[in-house]
Amino acid sequence: MDAGRALLLLLLIPLAASPVIYLIGRLSVLRRGNGLWFARWFTLIAYLGMSFPLYTLGRYALEIGPVDLKIGRIVLQMDGVGLFLAVTVWVLSTLVTIFSFPYIRGEEDEEKYYALLPALSATMIGLGCTRDLFNLWVWFEAMAITSYLLVAFYHHQKGALEATVKYLVQSAVGSIMILHGISLVFAKTMTLDLQEIPSLMADSGLFGLAAGALFVVGFGVKIALAPLHTWLPDAHSRAPSGISAMLSGVVIESGLVALLRALGALSQVSSAWGALLLAFGAINMLIGNLMALRQEEVKRMLAYSSVAQVGYMLIGFGVAMAYGIADGAEGGFYHLFNHALMKGLAFLAVGAFLYALYITKGSHAPLMASDLDGASKKYPLTAFALSVALLALGGLPPLAGFVSKWQIFVAGAEVRSTPLLWLIIFAGLNSVLSLGYYAPLINRMYRNQPSEVVQHGQPIAILISLPLLVLTFAIVLIGFFPGWMMPLNASAASGLLSAFGFR
């Protein structure tokens, strides 16, 4: 298969599948038929179909170089960064689809859920492949709109609507700021091509700094940069668990990729972008961990944990952007991928408990920490999966989270800068601090007597357990064999460093 055609197919398959899934599902609902099973399985088939063009693109991009696709005046380019994001999105989206079969079954507007899921994946993949600022914003905004609708899936609940409105308003303000930043860049350069902008913006002065500030704040809302993160805990806790996994595992990471693309275009404006990310990384880790320590609702705790985990990615990318250290970029991308696995597993495991303890009884009550007392005695597999996810997020060896955090710490040490060394020590202490809310949850599941809701819980469906097994195995496997991800990490890191003038 031609690489350009593979890129086109990678985007067309989910975009074309989305309206088909909705129409078939909606007709089934109106006729009171059983066609929703087709909508479910067609969604999974669409994701499996995406694997073939993704494999072709992966081989070409890793062995030969970036893949270009021109559609009229729009140019898409699958480079190392775009490939990395596409693989991450595809892996988690496919597992979330399988998980959702029993989890969402019987819910109102089920067909809309399955139609929006591939659309969300397509927008994130397109965002990673764009080569101009305006279409970067278009894909970013399409991703945002799709995610609003999925967060509001339980629209009959007041809390879900409140969370969606909060998410929408904050994201809309951020989107306006991004557009203002793009207009400043265009006014100065008369082009939006990401590869042409850097040299033209070299002497832009305050224009370039203002555009960069607008990009950081605008994209920072989606990335959950503190203090722009306030939408995140509400959206995570009110969305279906599969969507919580997507929001934390790939949506905020897609926003981070968009920010890296935009700042790469302004790399000649200032050398301070890396230092800015380092500062935000420290703030995110501290605020995320401190807020997570206070939470009794499990999904809100995991949401604040995501704020902290983004901090580690920012430190890795900040080191790369400020000092040209390849290990920093590789560690940042590695943690991005591992976070998708770890937080995806955590939210899906929590979703499995919600399914067994509440959803099968017709309730959408939140899962509290006290509900998990003694859960391992009745649900050993799910308790083990959640424990692995939490320990990996805490950075304990020999799990995936340790590998990526260690690479980020090593990159910081390579610079041999005293302030940066203190920042790495601070990051390490924050990793220990995170165990202050991960470990008690594990302790509850294994050492306490089963709570009343656990005693009356229902069995967990096999299709819910299957993604948990896959993600648990992947997290442990990466911990023992970290090298198998290196070609993908190195390709993404090379693309990032090139954008900031490092060869």
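**Ground rules.** I am working with a predicted model, where local features need pLDDT of at least 70, side-chain atom pairs count only at pLDDT 80 or more, and totals for chains, interfaces and linings use all residues. Residues are numbered from 1 along each chain as its sequence is written, and side-chain values use heavy atoms, with hydrogens and water left out.

**Helix α12.** I looked up residues 298-323, which form helix α12 with its 26 residues (helices are DSSP runs of H or I, at least four residues, and strands are runs of E, at least two, numbered from the N terminus). From first C-alpha to last, α12 reaches 38 Å, close to the 38 Å expected (1.5 Å times one less than the number of residues). I found 24 of the 26 residues buried (under 20% relative accessible area, with a 1.4 Å probe and protein chains only). Gly324 follows α12 and has a positive phi, near 70 degrees.

**Helix α20.** Next I turned to residues 486-499, the 14 residues of α20, which reach 20 Å. Which helices do the buried residues of α20 pack against? I noted α2, α3, α10, α12 and α13. Among the buried residues of α20 are Leu488, Ala492 and Leu496. Gly501 follows α20, with a positive phi near 85 degrees.

**Leu69.** Last, I visited strand β1 (residues 67-71), where Leu69 is found. Is Leu69 buried or exposed? Leu69 counts as buried because its relative accessibility is 13%. Leu7 is 62 residues from Leu69 in sequence, yet their C-alphas are 7.3 Å apart. Leaving aside neighbours within four places in sequence, Leu69 is in contact (heavy atoms within 4.5 Å) with residues including Leu7, Leu8 and Val75.

How values were computed: Buried < 20%, exposed > 50% of the residue type's maximum accessible area, 1.4 Å probe, protein only.
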